[in-house]
Amino acid sequence: MRKGVAALMATAVAVLSSATYGASSIAPLPPPYAGAYQPVGVDEIGAWREADEDEQMLANSPIVIRDEALNAYVRQVLCDTVGNDRCKAARIYIMRVPVFNASMSPNGTMRVNSGLLLRMRNEAELATILGHEFGHFEQRHTLNRWKATRSATDLLSWAQVFASLGSSYQSYANFNDLELSVYGRIYRFGRDQEREADALGLGYLNSSTLRPQAASAVWQNLMNEQEASALAKGVKKPNFNKIAFFASHPPEGERAAAMTMLADPAGDNREDGGARYAAALAPLLPSFLDDQIKLNDFGASDYILSALAIRGWTAPLLLARGDLYRARGNPRDLVQAAEFYGKAVEMDATLPEAQRGLGLSLIKTGRRTEGQAALRRYLELKPNAADAAMIKMLAPVAGGQ
Amino acid sequence: MMNKTMWTRSVAISAVVMLTVPVALANGYRAKNIPVEVAKSAMKVTPVRDWNSLSIRPGKKAETWTLDGERLNDVTFYGGIAPGEPLIRESSKKHKPLPKFTSETLLIEIPELLEGTYRTDKGIGAFSVTGSNPDHFLGQDGIRFTYTYVDADNLPRKGEARAAVIKGQLYMATFDAPRLHYFDATLDDFHILTDSATL
């Protein structure tokens, strides 16, 4: 029955999207690349100059991840997707922001959030997003959007005058909120521009060596994650087919269906680069996971963990799951946390944080002696730990309390 | 014609004044050497120099003081957080819940509680606890820990906090300041202020 409803909804979405994404079913190959582009006219020159200033700030930003291997990998995926001539126009910045997002400025600055990298399952999914953002860039969407909403900046100039007169943090905060909402609207693309970029992104993907069918999975996974998050919070399930008045993007339901349609069926047996992606992300995965888990969004975090564990649970994944359950902290969560940490320790006895988590959750569930033993192992593995003195109080070395 | 311009000008000026004055009136002042209760709790501090107290409280049981201005050197007191309560006000209980202090929370987990609160509230990714040590706070065994983070305004900040759990309730004082200049310049003031805290 549920399947039937889902199929019906998928059909309805497909009908809707065939109207909005144009008549052609498979995304056409991208047009030949026009080559290096320079801005034309005052508006575009101004927009580029602003983007250049933003990029200069970005170069010194403390939240840019400068890991060479990861940066090289993401660049390689972009080049494999859009082609070597096109990818020269982009400079990629990986930002430590635990939110699903990426963007590209008109001057070629591409920002990719760590939260996005955490949610991608394979190279083809990452290529979908990078190709989409590059599509915006190639079509120069920002400029058109910017021209249409230029008048909004007049409002901001006046607001700034008042905010500086107010000279309190509150007035700056109010101004920042206003600035955010106004700029948010200026820089958000119209939904049709998004659809155009989706089609162009799929065009790149169709002509690449990666499996274009993975594109639809990106939106499918995002919907599943939002459902899991809503379920754990006890709030209403989001409606993925409704277009909100201020929505900047087409609804996820529509996009998932459209992506399936735009993907070239001939590419279905190509590889999606799952193993390569996992290997490239592995060194930074623990820190990305940590950033996600500490956002206190239990449902979404648990969904992401389970999705990453599809190839099997590893010690870092189990450690993160233990942290997630220990942070929620219901008595049943603590018992489960101890179990997850225990498994992590079994798989990798040299992971100090797993010993720490195991020790703390055992102590909290009344198994003090076992817990203290684990904490002592933590100190053996990491004698200079930042919290060593606190741990020593919980687990005195002399054996026994 | 001239009159009209003058009139427009005076209206504009009075509008500006009306916008700015209530903000200036709202914040408080804590004079030196006068013991004062903080964070709507029995926790008392005696400042040895004058402090400003902000009218905007981060939470029902929290209160922020500053020397040079909000977010330049903030001391935030948390007074008697009970099990089941978050440290600060939740912007949306349903959609963006904050981590809660529980009766099972260990002293060593207080840094994680503050970290989770900051990360969730500010939506930031870069936060790390750089040290935690046993400490005396409010005459009890407590914890003193340090941390660094990049705030939502992209400015790297440093922090230090002291906390104790007394009769099942959490009492804490945190110090947050930009890593550049302000943290080191006013850390001693935080130490002196929190050393004077009693319950």
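Okay, some housekeeping. Residues count from 1 along each chain as its sequence is written, and chains are lettered from A, with ligands numbered from 1, in the order in which they are written. Since the model is predicted, local features need pLDDT of at least 70 and side-chain atom pairs count only at pLDDT 80 or more, while totals for chains, interfaces and linings use all residues.

So, chain A. It's divided into domain 1, 2-267, and domain 2, 284-394; those bounds come from an automatic or database domain assignment. Where they meet, 18 residues of domain 1 are in contact with 14 residues of domain 2, and contact here says that the C-beta atoms, placed from the backbone, lie within 7 Å. On the domain 1 side, the elements giving two or more residues are α5 (114-119) and α11 (214-233) of chain A. Helices are DSSP runs of H or I, at least four residues, strands are runs of E, at least two, and numbering goes from the N terminus. α11(A) gives the most to that side, with nine residues.

Next, the two chains. Here 32 residues of chain A are in contact with 35 residues of chain B. On the chain A side, α8 (151-166), α9 (169-187), α18 (352-364) and α20 (388-394) each give two or more residues, and α20(A) gives the most, with five.

Helix α16 (residues 315-328) of chain A packs against α18(A) at an angle of about 30 degrees, with the axes 10 Å apart. Those axes are lines fitted to C-alpha atoms over the stretch in contact, and angles run from 0 to 180 degrees between N-to-C directions. Among the residues making this contact are A:Leu319 and A:Gly322 of α16(A), and A:Gly357 and A:Leu360 of α18(A).

Last stop, chain B. Is strand β12(B) buried or exposed? Eight of its 10 residues, 169-178, are buried, so β12(B) is largely enclosed by the rest of the structure. Buried is 20 or more other C-beta atoms within 10 Å of a residue's own, again placed from the backbone.

And which strands pair with β12(B)? β6 (residues 74-81) of chain B does, antiparallel, over six bridges, with B:Ile81 opposite B:Leu170. β11 (residues 156-166) of chain B is also antiparallel to β12(B), joined by 10 bridges, and there B:Arg162 partners B:Ala173. Pairing takes at least two DSSP bridges. In the hairpin of β11(B) and β12(B), two residues sit between the strands, and B:Lys167 takes a positive phi near 50 degrees.

Technical notes:
Contact = placed C-beta atoms within 7 Å. Buried ≥ 20, exposed ≤ 12 C-beta atoms within 10 Å, placed from the backbone.
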